[in-house]
Amino acid sequence: MSPIDGLRYGGLGFALAFVALPLYVTLPAYYAENFGTPLAALGLVLLLARGIDALADPLIGRLADRWLDGPAAPLLRRLALAAVVLAFSFALLFFPVPRAGTPLLIWCTVLLVCTYLAYSVLTVLHQAWGARLGGDALRQTRLNAWREGLALAGVLTASVLPALAGMGVTAAALALGLLTGLWLLRRAPRAELVTGQQAALSVAWQTPGFRRLLAVFLLNGTAAAIPATLLLFFVRDRLQTPAAEPLFLASYFLAAAASLPLWLRLVARLGAARSWALGMALAIAAFAWAALLGPGDWLGFLFVCLGSGFALGADLALPGAMLTRVIQQAGLAGRAEGAFFGWWNGANKLNLALAAGLALPLLQALGYTPGQRDATGLQALTLAYCLLPCLLKAAAAGLLYLLWIRPERKALPCLQHP
């Protein structure tokens with residue numbers, strides 16, 4: 001794939017990642033601090049909205065396969081409609097009309113559901129579009145690197161723009177990014193249509209490689225979702241360095257972007273599974289060190305952001321490429337990418353839902369309240385932000401070894417690393 005084609009395909013990733021950071025990182029702290037929303041109530045709202053979104057993703061994946069099997073014009077119109085819904089819902093979510101109480105919670109829930117569903121339509125179609133372009137493991141990793149590299153540029157922009165220009169400018173930038181991404185995508189390479197009966201929605205679960213890869217992905221994703229939900233609370237109350245938030249976020253995503261070429265080289269030499277395991281080990285080392293930091297340790301946390309950001313590159317580029325290989329090895333290329341990525345994204349949303357729906361109420365129950373820095377509450381925050389993700393990452397790495405890396409994998413051809 002040429003750089004121009006990579007840009008045309010991956011451009012939409014910029015806007016989709018641009019919206020993801022405010023939704024998954026900024027929103028909980030934004031509502032807690034600006035509107036006084038209790039953490040327990042906010043956690044339930046996020047759990048409900050993200051749960052609905054996760055359940056819808058497999059159906060969206062089924063629709064994506066049908067739409068990708070059809071002409072380009074209707075497909076692009078559907079993408080454009082989803083982009084309009086996403087842009088308006090995002091703006092209304094951060095500028096609510098009700099400002100407190102139950103009306104605010106209802107407003108937040110409804111707008112979150114609309115935002116998530118539109119985001120899911122765009123994301124699943126975008127991922128399935130790329131998977132249908134086919135190729136070996138290295139080609140698919142390059143394809144994922146284009147999409148995720150531009151996504152990191154979007155996340156990086158979203159990490160600093162709200163603090164510099166406010167949420168109004170951020171919402172306008174999202175709309176512009178969506179428009180640009182769709183304009184580029186309409187000129188991107190597209191796989192030739194494959195004639196034949198479309199695969200059933202349950203086909204992913206009938207594929208052993210998918211089930212085993214998804215188990216690793218779920219554990220690893222939960223490990224990433226918890227610190228993403230708690231990041232701003234940790235910076236503001238544990239480190240007490242809120243002014244450094246843009247620096248932390250920018251360094252994290254810059255490190256991830258800079259790491260992508262290295263992960264590509266490692267895949268060529270070690271394979272995707274071993275490379276992913278190295279990324280998990282690096283993330284564990286970074287977050288374990290974060291547990292030792294205290295008030296004012298901004299420089300130490302900067303190194304945590306750089307190390308964990310470097311590890312993030314593996315999480316972004318490798319699992320999707322491995323999933324594409326599972327689809328190819330099952331003989332379903334060109335027929336079922338939407339179904340697979342629908343379930344895949346639904347599982348990822350479930351991680352995010354559980355991270356918010358369980359971690360936030362648990363922290364409140366353990367005595368943590370945003371802005372109040374008593375020792376018991378801060379200890380609970382540190383354990384949840386630093387050590388729990390390490391345990392989950394270690395479990396994911398162990399499962400990856402058992403299912404994909406150990407020598408006995410030769411007895412299970414569909415599980416061999418790409």
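Arg-236 and Glu-33 form a salt bridge whose closest N and O atoms are 2.5 Å apart, a salt bridge being a side-chain nitrogen of Lys or Arg within 4 Å of a carboxyl oxygen of Asp or Glu. The pair joins distant parts of the chain, with Arg-236 in helix α6 and Glu-33 in helix α1, 203 residues apart; helices here are DSSP runs of H or I of at least four residues, numbered from the N terminus. The model is predicted, so that local features need pLDDT of at least 70 and side-chain atom pairs count only at pLDDT 80 or more, while totals for chains, interfaces and linings use all residues. Residues are numbered from 1 along each chain as its sequence is written, and side-chain values use heavy atoms, with hydrogens and water left out.

**Salt bridges**

- Arg-236 counts as buried at 18% relative accessibility, whereas Glu-33 is partly exposed at 43%; buried means under 20% relative accessible area, exposed over 50%, and partly exposed in between, with a 1.4 Å probe and protein chains only.
- The whole structure holds 8 salt bridges.
- Arg-132 and Asp-69 meet in a salt bridge at 2.8 Å, N to O, and this pair links the loop between α4 (101-131) and α5 with the loop between α2 (39-68) and α3 (72-94), 63 residues apart.
- Arg-373 forms a salt bridge with Asp-237, the closest N and O atoms being 3.6 Å apart; Arg-373 lies in the loop between α10 (337-365) and α11 (375-405) and Asp-237 in helix α6, so the pair ties together parts 136 residues apart in sequence.

**A buried arginine without a salt bridge**

- Arg-238, in helix α6 (residues 208-239), is buried yet has no salt bridge, and the nearest side chain of opposite charge, Asp-297, is 7.3 Å away; Lys and Arg count as positive and Asp and Glu as negative, with His and the chain ends not counted.
- A polar atom of the Arg-238 side chain lies 3.0 Å from the backbone oxygen of Leu-293.

- Thr-170 is found in helix α5 (residues 137-185) and is buried, with a relative accessible area of 0%.
- The side chain of Thr-170 has a polar atom 2.9 Å from the backbone oxygen of Gly-166, and, residues up to four places away in sequence not counted, Thr-170 touches Phe-18, Phe-90, Leu-161 and Pro-162, contact meaning heavy atoms within 4.5 Å.
- Leu-318, in helix α9 (residues 298-329), counts as buried at 0% relative accessibility, and its C-alpha atom is separated by 6.5 Å from that of Trp-276, 42 residues apart along the chain.

**The largest pocket**

- About 340 Å³ of space lies in the largest pocket, where a pocket, on a 1 Å grid over the protein atoms alone, is an open set of points with protein on both sides within 12 Å along at least five of seven lines, and lining residues have an atom within 4 Å of a point.
- Of the 18 residues lining the largest pocket, the closest to its centre are Thr-26, Pro-162, Leu-232, Arg-236 and Glu-245.
- The elements giving two or more residues to the lining of the largest pocket are α1 (3-34), α5, α6 and α7 (245-270), and α1 gives the most, with 7 residues.

Technical notes. A polar contact is a pair of N or O atoms within 3.5 Å; within protein, one must be able to donate a hydrogen and the other to accept it, and residues adjacent in sequence count only if both atoms are side-chain atoms. On a 1 Å grid over the protein atoms alone, a cavity is a set of points where a 1.4 Å probe fits but cannot get out, and a pocket is an open set with protein on both sides within 12 Å along at least five of seven lines; lining residues have an atom within 4 Å of a point. Grid points are joined across faces, edges and corners, and a volume is the space filled by probe spheres set on the points.
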